[in-house]
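Please open the structure in your viewer and keep the selection panel at hand.

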Amino acid sequence: MPELDLILKGARVLTSQSDGMADIGISNGVITALGSITTPTIQTIDATGKIITPGGVDAHCHIEQLSGMGLMNADTFETATRSAAIGGTTTTISFAPQSADMPLADALKDYEKRAARGALIDHAFHIILSDLDAPDIRRDLRNAIRAGHRSIKVFTTYNIQLSDRDICDVLAIAKEEGALVCVHAENDGLIGWTKDQLLKSGKTTPPFHAISHPRLAEIEAVDRLIRFAEFFATPVMLFHISTREAVDAIRSAKARGVPVWAETCPHYLFMTAEVLDADGDTGAKWMCSPPQRTKDDHCALWDGLNDGTLSLVSSDHAPYRFDKTGKLSAGPGADFSKKANGLPGLEVRMPLMFDAMMNGEKLTPQKFVELNCTAPARLHGLPNKGDIAPGYDADLVIWDSEKTITYGANDLHDNVGYNPWEGYTITGWPTHVFLRGQEIVTGGALQTDPGRGRWITRPHLGITTDATPAREYVEATR
Ligand code: DUC
Ligand code: ZN
Ligand code: ZN
């Protein structure tokens with residue numbers, strides 16, 4: 001009687017800690033053996049000459065969600081996660097926003113159900129909080145965290161911002177209950193004022209979107225949230241960092257023991273604000289907030305990833321079609337403030353990072369795994385995800401490290417209809433993808449069905465920090 005269901009044989013296996021030749025033994029969807037394996041098995045796949053990494057964990061993507069402007073994403077759980085799977089991602093954390101129409105628990109159940117029907121890969125949700133005056137919201141938040149939703153997103157801008165006072169309440173509850181607070185950190189006043197001046201003087205095209213999100217807006221809000229993390233001595237995850245100054249602020253906060261973590265995204269590592277200069281409305285395809293910045297910021301972001309100032313890379317997949325359902329919903333030629341923000345990224349994140357980190361000058365293969373798989377799983381509390389070791393889910397990607405492709409105009413498997421990375425050439429391709437031991441992508445083709453993904457309950461976050469909360473407060477409330 002075979003003891004294993006599957007052995008992946010003879011590949012170079014990369015983890016965040018190691019790089020060597022090994023066989024991977026899988027039983028009941030879990031990795032049970034690693035090394036030279038001779039145990040009887042039902043199936044063997046020869047992966048000689050290939051590289052195997054953990055499946056990607058994308059800890060920041062928007063799926064079936066309304067934008068701040070009230071526009072629905074182009075992707076359903078089915079279309080977003082098929083695109084993710086084909087790009088080598090096996091776990092997503094997308095968003096379940098608080099709703100004015102239903103209690104938080106019902107809003108979460110609604111998202112769980114939609115994902116249970118559509119998702120092809122495993123998934124969890126960040127709770128978005130936008131109204132702390134809603135009835136019973138603090139009690140409901142505690143219950144949601146205890147039910148396994150261990151992360152919360154708040155905004156400091158985007159029409160759904162919380163006041164500083166309310167962010168304090170969220171941080172205090174998160175600390176008590178063991179949840180992670182993630183923040184879209186840009187100063188709303190600076191953005192609003194700059195935007196109004198630009199529009200008043202007729203500067204309405206997509207390039208002015210970047211100017212309307214001054215780098216100081218990110219820097220101010222990042223500095224502020226760092227102080228909040230310091231005061232409460234509870235971790236804050238700063239989403240989509242784009243500027244050198246924010247990287248510097250996070251680095252010095254970490255050096256003095258503040259529990260602050262941060263991510264960046266491929267479009268901040270590889271694109272500059274010049275992408276918005278494309279003719280007329282076309283630049284809107286690349287519009288996102290914060291906007292892409294400069295080559296100097298690229299260097300600072302890579303340095304931050306290298307020295308641990310930035311912990312991980314996410315896609316911030318925010319899919320809108322380039323038509324009246326999405327980017328052009330306010331009509332052709334509408335000013336930049338009326339164009340949806342965001343670009344698709346679920347399918348390209350892993351290949352772009354693989355190419356940069358395995359073939360280029362950037363960091364190391366271990367860092368590729370750490371930033372794109374292991375750290376997102378560890379910091380967001382996803383049990384048994386993001387690494388290759390006995391006991392971990394057999395979420396794995398076989399890479400053909402020789403295969404070179406150039407992205408085309410519309411070759412992604414989401415529902416967006418354009419590829420913002422058109423013309424980029426990359427080497428290294430995810431040919432086979434496994435979710436809990438099941439082959440879901442073979443030779444780039446999908447082999448699974450909607451609804452195969454599972455919701456991941458996060459029993460506890462395992463946050464450990466040496467920081468202590470503001471001393472005056474602790475003494476006064478003792
Ligand atoms: N920025 C975000 O913060 N989320 C979605 C899209 C975007 O551009
Ligand atoms: Zn954001
Ligand atoms: Zn986002």
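**The ligand site**

In this predicted model, the shell around ligand 1 comprises three nonpolar, six polar and one charged residues. Select that shell: His 62, Tyr 158, His 184, His 240, Cys 288, Ser 289, Asp 316, Ala 318, Asn 341 and Gly 342.

Next, display the polar contacts. A polar side-chain atom of His 184 lies 2.9 Å from an oxygen atom of ligand 1, and a side-chain N or O atom of His 240 is 3.1 Å from an oxygen atom of the ligand. At Ser 289, a polar backbone atom is 2.7 Å from a nitrogen atom of ligand 1. Taken alone, ligand 1 exposes 240 Å², of which the protein buries 94%.

**Aromatic pairs**

Turn now to the aromatic rings, for which the count is 13 pairs. Select Phe 77 and Tyr 111: the ring centres are 6.3 Å apart and the planes stand at 80°, so this pair is edge-to-face. Phe 77 belongs to helix H1 (residues 77–86) and Tyr 111 to helix H2 (residues 104–118), so the pair ties together parts 34 residues apart in sequence. Both Phe 77 and Tyr 111 are buried.

Proceed to Phe 354 in helix H11 (residues 349–359) and Phe 368 in helix H12 (residues 365–379). Their ring centres are 5.5 Å apart with the planes at 90°, so this pair is also edge-to-face.

Finally, select Phe 270, Trp 302, Trp 421 and Tyr 424, which ring pairs link into a cluster.

Definitions and conventions:
Residues are numbered from 1 along each chain as its sequence is written. Chains are lettered from A and ligands numbered from 1 in the order in which they are written. This is a predicted model: local features need pLDDT of at least 70, side-chain atom pairs count only at pLDDT 80 or more; totals for chains, interfaces and linings use all residues. Side-chain values use heavy atoms; hydrogens and water are left out. A residue is near a molecule or strand if one of its heavy atoms lies within 4 Å of it. A polar contact is a pair of N or O atoms within 3.5 Å; within protein, one must be able to donate a hydrogen and the other to accept it, and residues adjacent in sequence count only if both atoms are side-chain atoms. Accessible areas come from the Shrake-Rupley method with a 1.4 Å probe; for residues, only the protein chains shown count as cover. Ala, Val, Leu, Ile, Met, Phe, Trp, Tyr, Cys and Pro count as nonpolar, Asp, Glu, Lys and Arg as charged, and the others, Gly among them, as polar. Rings of Phe, Tyr and Trp (its six-membered ring) pair if their centres lie within 6.5 Å; planes under 30 degrees apart count as stacked, over 60 as edge-to-face and the rest as tilted. Helices (H or I, at least four residues) and strands (E, at least two) are DSSP runs, numbered from the N terminus. Buried means under 20% relative accessible area, exposed over 50%, partly exposed in between (1.4 Å probe, protein chains only).
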